Amino acid sequence: MAGRAEDSTVLAGARVVLPSGTVEDGRVTIESTRISASAPEDARTIDLSGHWVVPGFVDMHNHGGGGASFTSGTVDEVLTGIRTHREHGTTTMVASTVTGEMDFLARRAGVLSELVEQGDLAGIHFEGPFISPCRKGAHSEELLRDPDPADVRKLLDAARGTARMFTLATELPGGIDSVRLLAEHGVIAAIGHTDATYEQTVEAIDAGATVATHLFNAMPPLAHREPGPIAALLEDDRITVELINDGTHLHPAVLELAYRHKGAGRVALITDAMDAAGFGDGKYELGPLAVEVTDGVARLVEGGSIAGSTLTLDTAFRRAVTLDAIPVEDVVRSISANPARLLGVYDRVGSLEAGKDADLVVLDEDFVLKGVMRRGEWIIEPKTA
């Protein structure tokens, strides 16, 4: 049964990307906060001819934005970061932390869990401290530690059921047992910042790991006699690989390689964004480390390692379609449906289906963002003639 006209909006005339494919001259009906199968005859209609309508983006790896850090910012600052990414189409996101003292991370989990419970975040991702000093990237080496299951359990408990993912160097002592612990609790064990061999990576996958944290970055390169983790992560259908499509972290040929071997159903486009995303160049901090952003590229002041990205998912989407020539439907799977499934929220978000939250993005014919709706409310309302 259709709802009241004043609660209903029909988006008409656009190319609408559904799980079954793209519908030309499609319609999306919003009733209050959700997508509906039908609408009253006199419902408000918005003509989006010449546009695309796709599901709201889902970012499962994001450290901040708008000048705010999810690792150290106040609640208001975290909300600023969330709003910044929403304005770029990310209607669902996980807050990722970086390596810190265990007690600090436990306290931080308590803060972020409240934002999960009130619906602003979809969960917490702990990236560090359980990573390899050989592949630490932009993490403080003196704060790293082995993935002791007792420490992993401490952060699980501190997150009060809101932890969604841990990145682990599973070759370290306790790594395999921690993977099993996370799998038992329904939390994603992600292999990343790792110096593992091919065989060690296979062992971790068999133990229950399901995600590769920013594949290719912060792990040994693929070699013909030492295939390392990349070969194991690419070949196994149980693994979804994160990719940072900002033009800095990955060469386009490497992105194509990942899509070719994994298929669109096992790729998750992420930002790995830090504070500068949507904010600009300048000096920042990533956990305890100083970062300088120049021309949109974030690097540690000491050592020069890439320190996350300044990417937003609307840019990742546009690059994937226009520069990398990936079909729109495949990009939608990678940027919405796949991460939503991994996070356990696909029943609510990740596709444009009746009964789900009215989370969507409007793009013009050049795939430039023109509108964002979250739960039936416009964050950016598209301008129409």
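These questions and answers go through some terms used for this predicted model.

Me: Why is threonine 201 called buried?
Reply: Its relative accessibility is 0%. Buried means under 20%. So threonine 201 counts as buried. Threonine 201 is found in helix α5, residues 198-207. Leaving aside neighbours within four places in sequence, threonine 201 is in contact with Ile191, Ala196, Pro229, Ala232 and Leu233.

Me: What makes the pair of phenylalanine 57 and phenylalanine 317 stacked?
Reply: Two values matter. The ring centres are 5.6 Å apart, and pairing needs centres within 6.5 Å. The angle between the planes is 25°, and stacked means under 30 degrees. Therefore the pair is stacked.

Me: How do you know that this pair ties together parts that are apart in sequence?
Reply: Phenylalanine 57 lies in strand β6 (residues 57-59) and phenylalanine 317 in helix α8 (residues 313-322). They tie together parts 260 residues apart in sequence. Both residues are buried.

Me: Why is the pair of phenylalanine 317 and phenylalanine 367 called tilted?
Reply: The centres are 6.3 Å apart and the planes are at 35°. Stacked needs under 30 degrees, and edge-to-face needs over 60. Phenylalanine 367 is in the loop between β20 (360-363) and β21 (369-374). Ring pairs link Trp52, Phe57, Phe317 and Phe367 into a cluster.

Me: How do you know that lysine 356 lies over the face of tyrosine 346?
Reply: Lysine 356 is at 3.3 Å from the ring centre. The distance cut-off is within 6 Å, and the charge must also be within 35 degrees of the ring normal. Lysine 356 counts as lying over the face. Arginine 341 also lies over the face of tyrosine 346, at 4.1 Å from the ring centre.

Terms used: Residues are numbered from 1 along each chain as its sequence is written. This is a predicted model: local features need pLDDT of at least 70, side-chain atom pairs count only at pLDDT 80 or more; totals for chains, interfaces and linings use all residues. Side-chain values use heavy atoms; hydrogens and water are left out. Helices (H or I, at least four residues) and strands (E, at least two) are DSSP runs, numbered from the N terminus. Buried means under 20% relative accessible area, exposed over 50%, partly exposed in between (1.4 Å probe, protein chains only). Contact means heavy atoms within 4.5 Å. Rings of Phe, Tyr and Trp (its six-membered ring) pair if their centres lie within 6.5 Å; planes under 30 degrees apart count as stacked, over 60 as edge-to-face and the rest as tilted.
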